[in-house]
Every structure is written in C-alpha cells, then in structure tokens.
Amino acid sequence: MSALLFALALLAQNAAPETGPAAEGPPPEAAPAAEELPWPAGAPHDDYGLVAWCHGALTGYLDLHDQVMPEVTRIETTYRPPGRTLAEDMKIYADLQKQARKDLKLFERAIEAAEKASIRPLAPVGAAAIKKGRTVWSGASGLTPARIAQEWMSWSLPVRCAPTAERLEKNAKLLGAAFDPAGGAEEPAPAEEPAATPDTN
C-alpha cells in the first residue's frame, strides 16, 4: 500500500463515528437520593421526625377533602381547560386521594417500625411532629371556601416524605437495637411561626 493510501485509511478511521456507550454520551442522571431532596419548610431534620411531620401534613390534607370538594367541583366546572373533560379532571382528585392514603399507610408503618426498634421512647416526639405537620393547614379556617379549595387543589406532598419513610422503615427493621432514630439528621431548621395559609411546598 502506498503512503498516500495508508494515510487516507488512517484518516477514514479517525473520522468514523464512534459507536457503543462512549458514543451515546454520559448515562442519564440517577434519581436523587432522599438526603439530596429539599426539606419541607418547618419540618424536623431527622428521618423519624420528618416522617411524623409528613404524616400530620398529609392527614390535614385528607381531612379537608369532604369540606373542599363541592368548591373544587364548582371551580373545575366553571374554568374548563380545552381538550379535557370534567370527568377526567375529577378522576385526578380521586387518584390523588388513593395515593395519599397509600402514603399515609407507609408513614404509619415507618413510624411504628422506628418506635419498636428505638431503645428510647419516641411516641411523644412523633406526636409533637405530627401536630406540627398539621399546622400546614392551620390557616384554612380563616380563608374563604374558594381560597381553601385553591390551596388544597395546588398542594402536593413534599417529595422528601415518601423516600425518607421507606428508608426509615428499612433501617428500623434491619438494624434493630442498633437503629438510630435520628438517622438522616442535618442541622436543625430555624424555628418558624405557623403560616397563615397552607404551605404548598
């Protein structure tokens, strides 16, 4: 092979597109771990306390369902987005209720597992955290029915709640007497006054 042909062959090899994993770019980012997710405003900064707080906030959400649904239905009936039926939108609220009850059972299991595994009594701490979580909705009584419904419609469970509950339940069952109820603790959040309106974070 002449020097020219050899050089052309090398050039063609270098110019060929790469294949395989290297050519596909970096792998997609994994879902963030529970400890990397944002803390809900005012929630305790330990796994057990956070899960109890989430239980309280979610219980408050569920307790408002019957009160707000007539107004939610009125709002959804009055302000219709194009391309969707009223039945489709109302089904979303039913699905959210099912998921909320499922999450509440997860929180209850995690709290119970932590309390059984801990060498010190946790129930008073949990009760206080649940009560604090319910204060997310403490301002609802002073709002108009339409405003309460709007807050309720836009609220969602903080993303840190469920994965933290899963970790808490798993650690409590696996570690037994070595279980640390303060697992995942970080620097405590500054004390906050109860919000006048529901926290939608």
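**Exercise 1. Work out what share of the contacts with a separation of 6 or more joins residues 24 or more positions apart.**

Solution. Start with the contacts in the protein chain that have a separation of 6 or more: 83% of them link residues 24 or more positions apart. Keep in mind that this is a predicted model. Next, look at what the chain is built from: 7 helices and 0 strands. Then check burial: of its 201 residues, 36% count as buried.

**Exercise 2. Decide how α3 and α6 are oriented to each other, and list who meets whom.**

Solution. First, get the geometry: α3 and α6 (residues 145-154) pack at about 95 degrees, with axes 9 Å apart. Angles of 65 to 115 degrees count as roughly perpendicular, so that's the label for this pair. Next, the residues: on the α3 side we have H65, Q67, V68, M69, E71, V72, R74, I75 and E76, and they meet P145, A146, I148, A149, Q150, W152 and M153 of α6. Sorted by class, that contact has 10 nonpolar, 3 polar and 3 charged residues.

**Exercise 3. Which residues of α3 are buried, and what do they pack against?**

Solution. Pick out the buried ones: V68, M69, E71, V72, I75 and E76. Then find their partners: these buried residues pack against α4 (86-117) and α6.

Conventions:
Residues numbered from 1 in each chain as written. Predicted model: local features only at pLDDT ≥ 70, side-chain atom pairs only at ≥ 80, totals over all residues. Heavy atoms only, no water. Axes fitted to C-alpha atoms, helices over the stretch in contact; angles between N-to-C directions. Helix = DSSP H or I, 4+ residues; strand = E, 2+ residues; numbered from the N terminus. Parallel < 35°, antiparallel > 145°, perpendicular 65-115°, else oblique. Contact = heavy atoms within 4.5 Å. Nonpolar A, V, L, I, M, F, W, Y, C, P; charged D, E, K, R; others polar. Buried < 20%, exposed > 50% of the residue type's maximum accessible area, 1.4 Å probe, protein only.
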